[in-house]
Amino acid sequence: MSLQSDVEALWQRYDDGLTAAEADSDDRATLERFLQALEAGDVRAAEPDGDDWTVNEWVKRGIVLNFGLRETEPREYGDVTYHDVLPLRETDDLGERGTRNTPDGTVIRRGAYVGSDAIMMSPSFVNVGAHVGDGTLIDSSDTVGSCAQIGSNVKLGANTLIGGVLEPVEDSPVIVEDGVSLGAGCRVTSGFRVGENSIVGENTLLTPRIPVYDLVEEEVVYGELPANRRAFTRFVESSVSEHDLFDGGAYKPAVVATHIEEETLEAAEKEAILRDN
C-alpha cells in the first residue's frame, strides 16, 4: 500500500473513534513515515498545478492524525523541559544542504520542510506541514504557520507572520510564491496567496477580508496578490458614515498593488546581496 492509502485508512479508523491510547505500533509507524515524507519534501499540503495550486487533503489529514493519535509527552530542548505531542525536527540534514540556522531560538517542528541554501535567523519558528523553498530567508521573529507554502528565494522581513491553515482540511493554506519579498512586520493569513516576484511594503496585512486594488489590471481582487506587483497598505473610505461619536468619515484598510518600480527592484537586489554574504 502507498503512504497515501495508509494515511487515508488510518484517518477512517480515527474518524470512527480510534484514540491515541488504542493506536498500535503499525499506526505509529505510519505516522512516522508520514512526518519523514513531509520533512524530505516528498509530500506537501499544497502544490503548484499549472497557474493554480492544489490542496492535498490527505496530507492535511495526516498532520491532524499526528495530533489526534499521539499523547502529550515531556521533552527536552537544551535545559528546558516542554510538553508536546511532537518533538522538534532533527536538523542534521540542513547543514549538508547549505542551510543556516542561528542558535538560541530557531525552532523547526517535526513535519516541516526547509530547502537548501536557506537562512533561519533567531528567534523564528516553522510549524508542522510548512514547506520552505530553496534560498529563502526567514528573518528574526518570523513565524511560518502550519501547512504554509513558502517558495524559493523568498525574503520574509523581520517580525513577519505567515498564518497557518490546518482545518478544514480542504481549505488552501497560505501560499507565498517564488521570489516574493515581504517587508518587516507583514501579516499573511487565512489562505491568502502572494504571487511570484511581488514586493510587499512593511506592516502590510494580506488576508481575504481586505480588498486588493490592483492598479495594473484596474480591478479589485480578494484573497490574492497577483504576480509581479508592488503592494502597500492604504486606507479607503468605509461605508460607515459620520457619527455623533466621532468627527469625519470612517476608513478601512486596503492594499494597493501597482507595477514594480526600478528603484524598488534595485533595493530588493541590494538586500539579497547583503543576505548572501
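Select residues 2-69. The end C-alpha atoms of this span lie 20 Å apart. The span is 60% helix and 12% strand; helices (H or I, at least four residues) and strands (E, at least two) are DSSP runs, numbered from the N terminus. UniProt, in an unreviewed entry, places the feature "domain: Tetrahydrodipicolinate-N-succinyltransferase chain A" at residues 2-69. UniProt positions follow the numbering used here, feature names are shortened, and annotations may be inferred rather than shown by experiment.

A note on the model: it is predicted, local features need pLDDT of at least 70, side-chain atom pairs count only at pLDDT 80 or more, and totals for chains, interfaces and linings use all residues. Residues are numbered from 1 along each chain as its sequence is written, and side-chain values use heavy atoms, with hydrogens and water left out.

Next, select the open sheet of six strands. Its order is E7-E10-E13-E16-E19-E24, with parallel pairing. Two strands pair if DSSP finds at least two bridges between them. Strand E7 (113-114) and strand E24 (224-225) stand at the edges; each has a single partner strand, so one side of each lacks a neighbour in the sheet.

Now go to 175-176 and 193-194. These are strands E16 and E19, which run parallel and are joined by two bridges. Ile175 has Arg193 as its bridge partner in E19.

Finish at Pro211. It sits in the loop between strand E21 (205-206) and strand E22 (212-214). Is Pro211 buried or exposed? Pro211 is buried, at 5% relative accessible area (buried is under 20%, exposed over 50%, partly exposed in between; 1.4 Å probe, protein chains only). Show its contacts (heavy atoms within 4.5 Å). Not counting residues up to four places away in sequence, Pro211 touches Val220, Val221, Tyr222, Pro253, Ala254 and Val255. Ala254 is 43 residues from Pro211 in sequence, yet 5.5 Å away in space, C-alpha to C-alpha.
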